[in-house]
Amino acid sequence: MRTPIMAGNWKMNCDNPQAEQLASAIAEQAGDIEGCEVIICPPFTALTTVADALSGTDIALGAQNMFWEEKGAYTGEISGPMLRSCGCEYVIIGHSERRGRFGSPDEDFTAELQKVFGDTDASVNRKIKAALSYDLTPIVCGGELLAERQTGQTDTVVKGQVEAAIEGLSADQVSRIVFAYEPVWAIGTGEVCEADEANRVIRLIRQTLAEAVSEEVAAQVRILYGGSVKPANVRGLMEQSEIDGGLVGGAALQADSFCELIEVAAEIKRN
Ligand code: PEP
């Protein structure tokens, strides 16, 4: 049985006082929910604040990105050992926003951000290898743009991202990854992917892992769904057999809604 995960991606939200307040509220409300792993991924600047607020709880800390080098002249970058020293156990890698792939209708802004952020399949692969070498669990994201879905490319895009992400990794390394299927058009838009369609794409990810690695690894890896997960739609998603939890943006910024997601995931996956 795969233990579900509910991971909150706070993105570029919460200064330190706000982070302290939100993390403490989540710790208080979700601290004794059993049967669901909880991860909070605040901005880099709030990692130690959130680590302090979570100390003594089972809630884990994650970062939203990292660079693969250990240290050096890489102004503005953050390494795996730095994340470990803040108490991180997880790191999100290859989020569509880091790949410069946005669901935003503002194409000029998206094109500009693509140049600024610009994670690629190759950089995602390097970051995964580095994260694992520092004993950080990567939460590896992938998903199609709206235009890719509309032109029937969803499966090719997602399969390609997964294959590229695990290139050169051993079976043991792949077994330590958490994947997240995040259709870009569903992220931050309020437009959730139909639960059975999310389940289908996640099954495809599992099949891709089975072909590239082994059935055993594919069966044990946790694969989350992300994209406008809310209390109103979480139940249908968690009822799907292939979906092992959620990677949540907007609804993770309120303790009440995030804790409701955790409760529902724990309840449904327990049964
Ligand atoms: C995300 O940040 O990965 C995400 C899925 O955001 P939201 O839940 O706001 O769509």
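1. A cavity here is a set of grid points where a 1.4 Å probe fits but cannot get out. In this predicted model, the count comes to 1 cavity of 30 Å³ or more.

2. How much space lies in the largest cavity? About 80 Å³.

3. The lining of the largest cavity draws at least two residues each from strand E5 (137–142), helix H7 (154–165) and strand E6 (178–181). H7 gives the largest share, 4 residues. Among the lining residues are Val 140, Cys 141 and Gly 142, as well as Val 158, Gln 161, Val 162 and Ala 165. Phe 179, Ala 180 and Tyr 181 also line the cavity, and so do Arg 99 and Ile 205.

4. By class, this lining has 9 nonpolar, 2 polar and 1 charged residues.

5. Now to helix H1. H1 covers residues 16–30, 15 residues in total. At 1.5 Å a residue, H1 should span 21 Å. The end C-alpha atoms are 21 Å apart, so the two values agree.

6. Which residues of H1 are buried? They are Ala 19, Leu 22, Ala 23, Ile 26, Ala 27 and Ala 30.

7. What do the buried residues of H1 pack against? Their partners are strand E2 (37–41), helix H2 (47–54) and helix H12 (255–270). The face of H1 turned away from the buried side carries the exposed residues Pro 17, Gln 21 and Glu 28.

Methods: Residues are numbered from 1 along each chain as its sequence is written. This is a predicted model: local features need pLDDT of at least 70, side-chain atom pairs count only at pLDDT 80 or more; totals for chains, interfaces and linings use all residues. Side-chain values use heavy atoms; hydrogens and water are left out. The expected span of a helix is 1.5 Å times one less than its number of residues. Buried means under 20% relative accessible area, exposed over 50%, partly exposed in between (1.4 Å probe, protein chains only). Contact means heavy atoms within 4.5 Å. On a 1 Å grid over the protein atoms alone, a cavity is a set of points where a 1.4 Å probe fits but cannot get out, and a pocket is an open set with protein on both sides within 12 Å along at least five of seven lines; lining residues have an atom within 4 Å of a point. Grid points are joined across faces, edges and corners, and a volume is the space filled by probe spheres set on the points. Ala, Val, Leu, Ile, Met, Phe, Trp, Tyr, Cys and Pro count as nonpolar, Asp, Glu, Lys and Arg as charged, and the others, Gly among them, as polar.
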